[in-house]
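Colleague: I have not looked at this one before. Can you walk me through it?
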Amino acid sequence: MKINIFALMLYQFDNKSGLLLTFIAIALVITIVFMLINMRRRIVAEADAFEAKRQLEDNYVKLEEAYEKVKHTQKELAQKYEELKRSEERNKKLAFTDYLTDLPNRVAFSEKLDHILATIRPSENIAIMYIDLDNFKNINDVLGHSYGDELLIDVTDRIRQVLDENDFFSRFGGDEFIILTQNFVDEGEYEQKIKKIQKVFSYPFVLSTREFFVTTSIGVAFAPKDGKTTQMLIKNVDAAMYVAKGMGKSTYCFYDEKINNSLMDKIELQSELRTAIENNEFDVYYQAQIDLEKDRIVGFEALVRWNHPTKGLITPAGFVQVAEETGLIVPIGQWVLLEACKQLKQWEEAGFTEINIAVNLSARQFKDADIVETVCEVIKETKIDPNKLELEITESIALENMSYSIAMIQKLKSIGVKFSLDDFGTGYSSMNYLKHLPVNNLKIDKSFLDTVMEDQNDQKIVSTIITLAQTLDLVVIAEGVESNEQAVFLKNVHCDKAQGYLYSKPIPQKDAGFLLEKLRERRNHANLTLEQALREAEA
C-alpha cells in the first residue's frame, strides 16, 4: 500500500515535473524568442542608427559643401555688387561729367540748379554766367579739333583760377561754359568776377607753337529776378549772351526783359525774310562810283533793299545780320549777284561798255563751298565780261581766315573777276596783310572821311593809306563822300575813285539807267559838269 502511494506520488510528481519542465521550456523558448526579438530590434536599431549616422555624416558633408557654395556665391555676389557699384559710378560720371574737361556737364548743372531753386530762401539770390568763346570754330578749322580740345582744357584751367567756393563751374557744351554762383550779395561785386574772367583771356593761348587771342561773349541772369525755373533761367541767360555777341563780342550783357522782346522781333523777322524770298520782295539799288581824275562814272555798287509789304523800304542794316545768322543771306546774295549782272549786261548792250558792277559778298556767302561755282554760273548765264565784275568782302571777313581768303580770291580771280577789300580801317588797320591778299581795290571806310576836313591827322592817315595802297598796285576807292571839300581833298591826294551822296544816293535800276543817259548827253555838251548832270538826273 505504501508503494502504491509512493508510486502514485512519484507518478504525480513526474507528471508535475514534466508539466513544470514544459512550462519552463516554454518560458525559456518565449524568453529566447523575446531575446531574439529584442536582439533583432537592437540589431535593426543599431543598423538604423548606423545608417542614420551615416546619412547624418553625408548630410553634414553636403551641408558643408552647400555652405562652401553659399560662401562662394556670396563672395561672387559681393564682387558683382562692387563691379555694379563701380559701373554705376562710371555711368553716373559719364552722365554728369564732361569727358574732356572733367567739369560737370549740362545735365549736372540742370540738376544742381533744380535743387537750388527748390530750396532757395526768400532772401537768397543766385547768379548764372553763360560764357561763349568767340570764333572758336576758326581754331578747329585752322588747326584741327585736337587743338580745339586743347584750347578748351586751357580755358577751363584759367577760369578755375578766378572762381571761389560759391561757384559751380560746368561745361554746357561745345565752346560754352556756365557758372552758377550762390549767396552773392552785390551785383557790382559780381561784375568784378566777370572782369576777372575776361582778364584771363587777355593774354594769348599757345597752340601748335602759335599764339591765339581768344575773346568771350558773356550773358548774365539772376534768380529769382530773371526766372524761377531752370528752363526759364537758361533761356534768358542764353539770350543775354547772344546780345553780347551782337554788341561786337568780347563783352558781357545782363539779362533784361527787353531782350525777349528783341528776340521775338528777330524770330518774326526770320519768318518774314523767308516769305520775302518766296515773294520776290527784294530790289537792287545802285550807287555810282566816280573816277576822280576823269570826272566820270565808271561803275556802280549793287546794294540790296527789301520792299517790306507793311514796313516799307528796309536797308541791309535792318535785316542782313539776321539773314547772315539764319543762312538766308546765301539765296539773297545769289539773287543780288544775278540781278546785278543782268543789269550790267543790259547797260553794256545799251552802249555803256565802260561800266563795272560791284557786288558785296557776306561772310556766309564767301565761306559757302559753292561760291566759285555760283559766280561761274551767273557769268555764264548773263554772258557778262567777268573783268567788269568786282566782288567785295570786308576787311574782317578777309582776315578771319587768311589762308582760305587768299585761296578763294585767287580762284575767283582766275576766271577774270576782280576783288575789292571793303571797310578798310575798321578792323586791324594794318597794311602788312595787304601784300598777301590778292585784291585789286581798297575801299577806305566812310569813318575816315567824316572828320577828314577837321582833323589834319586824319588827312595824313588817308593820304598815307592811298600812297601805300597804290604802291601795292591797288586802286583806292573812298566811300561816303558827301561834300565838295572832301572830293577836292581826295583829288589832291590822288585817290582813284569815290562814291557817296555827293554824287549819288543808292537809286533804283530805272534811275541809274536815266543817270547814265544824262551823262551820255553830257558828252555832247562840254559845258555840262558831272555835278550838273548828276543833279539833273536826281531831279
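Predicted model: local features only at pLDDT ≥ 70, side-chain atom pairs only at ≥ 80, totals over all residues.

Colleague: Is E165 buried or exposed?

Modeller: E165 is exposed, because its relative accessible area is 78%, and the cut-off for exposed is over 50%.

Colleague: You mentioned β2. What order do the strands of its sheet come in?

Modeller: The order is β2-β3-β1-β6-β7, in an open sheet of 5 strands with mixed pairing. β2 (167-173) and β7 (252-254) are at the edges with a single partner strand each, so one side of each has no neighbour in the sheet. From one strand to the next the twist averages 20°.

Colleague: How many bridges join β2 to β3?

Modeller: There are 6 bridges between β2 and β3 (residues 176-182), and the two strands run antiparallel. G173 is opposite E176 of β3.

Colleague: Which helix lies across that sheet?

Modeller: That is α6 (residues 230-246), which lies across β1 (126-133), β2, β3, β6 (216-223) and β7. Helix α6 runs at about 145° to β6.

Colleague: And how do α2 and α6 cross?

Modeller: The axes of α2 (residues 106-119) and α6 cross at roughly 120° and come within 9 Å. That angle makes α2 oblique to α6. On the α2 side the contact is made by R106, F109, S110, L113, D114 and L117, and on the α6 side by T230, L233 and I234.

Colleague: Back to α4 for a moment. At what angle does α3 pack with α4?

Modeller: Helix α3 (residues 136-143) and α4 pack at about 140°, and their axes are 7 Å apart. The two helices are therefore oblique to each other. F136, I139, N140 and L143 of α3 make the contact with H145, Y147, G148, L151 and L152 of α4.

Colleague: New topic, the nonpolar core. Which residues of the largest nonpolar core touch the most other members?

Modeller: Those are F300, L389, L391 and L490, in a core of 84 residues. Helix α9 (residues 329-349) gives the largest share of this core, with 10 residues. Another core lies apart from it and has 31 residues, among them M129, F177, L207 and V214.

Colleague: What does F300 touch?

Modeller: Leaving out residues up to four places away in sequence, the contacts of F300 include Y286, Q287, A288 and Q289. F300 also touches W347, I355, N356, I357 and A358, as well as A512, L515 and L516.

Colleague: How does β14 pair with β13 and β15?

Modeller: Strand β13 (residues 418-424) and β14 run parallel and are joined by 3 bridges. L421 has L442 of β14 as its bridge partner. β14 and β15 also pair in the parallel sense, over 4 bridges, and I444 is partnered by A478 in β15.

Colleague: How many residues of β13 are buried?

Modeller: In β13, 5 of its 7 residues are buried, which leaves the strand mostly covered.

Colleague: And how many bridges join β12 to β13?

Modeller: There are 5 bridges between β12 (residues 389-394) and β13, and the strands run parallel. The bridge partner of E392 is S420 in β13.

Key
Residues numbered from 1 in each chain as written. Heavy atoms only, no water. Pairing = 2+ DSSP bridges. Axes fitted to C-alpha atoms, helices over the stretch in contact; angles between N-to-C directions. Contact = heavy atoms within 4.5 Å. Core = buried A, V, L, I, M, F, W, Y, C linked by side-chain atoms within 4.5 Å. Buried < 20%, exposed > 50% of the residue type's maximum accessible area, 1.4 Å probe, protein only. Parallel < 35°, antiparallel > 145°, perpendicular 65-115°, else oblique.
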